[in-house]
Amino acid sequence: MDEKVWDVVILGGGLAGTTLAIQLKQARPSTEIVVIEKLLYPVPETAFKVGESTIEGGAYYLRKVVGMDAHIREHELVKMGLRFFMSQGDNSQIERRVEFGPHSLAKITGDLTSCQLDRGRFENALQARAVSLGVDYWDGSKVKAITLG
């Protein structure tokens, strides 16, 4: 394999690693970045990881800073703000729990609308965005040694 030198090497291509790669590439397009991830992409959807429930600040970051607005609008679930479900019996039926929270979509719309993310689906879309921006992505890889220079 030919040797290549990167300006930035990110170990781990999950939510944090891939959003960092995207944000760096957007700010400095000529920066050579590689993300090294042990899992193979695409990762499974739905049961892959516990879903992410964003709040308005996180939703703004993912939508506008990272550039995932179109994906979130088309493929993820809009939330009605913070909702709480109290315990009821053996908790096997969520529809029987007492719920505290709004009964309709919050007045906050657009860039700040919070969402419920399917982590597998969202990480696949993030990985595709990073690659489209020119980030090198090594999935199915394991780091055994690092040489800095």
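Me: How many residues does helix α1 have, and what does it reach from its first C-alpha to its last?

Reply: The model is predicted: local features need pLDDT of at least 70 and side-chain atom pairs pLDDT 80 or more, while totals for chains, interfaces and linings use all residues. Residues are numbered from 1 along each chain as its sequence is written, and side-chain values use heavy atoms, without hydrogens or water. Helices (H or I, at least four residues) and strands (E, at least two) are DSSP runs numbered from the N terminus. The expected span of a helix is 1.5 Å times one less than its number of residues. Helix α1, residues 15-27, has 13 residues and reaches 18 Å, close to the expected 18 Å.

Me: Which residues of α1 are buried?

Reply: An α-helix has 3.6 residues a turn, so residues three or four places apart point the same way. Buried means under 20% relative accessible area, exposed over 50%, and partly exposed in between (1.4 Å probe, protein chains only). In α1, G17, T18, T19, A21, I22 and K25 are buried.

Me: How many aromatic pairs does the structure hold?

Reply: Rings of Phe, Tyr and Trp (its six-membered ring) pair if their centres lie within 6.5 Å; planes under 30 degrees apart count as stacked, over 60 as edge-to-face, the rest as tilted. The structure holds two such pairs. W6 and W138 are edge-to-face, 5.3 Å centre to centre with 85° between the planes. W6 precedes β1 and W138 lies in strand β8, 132 residues apart.
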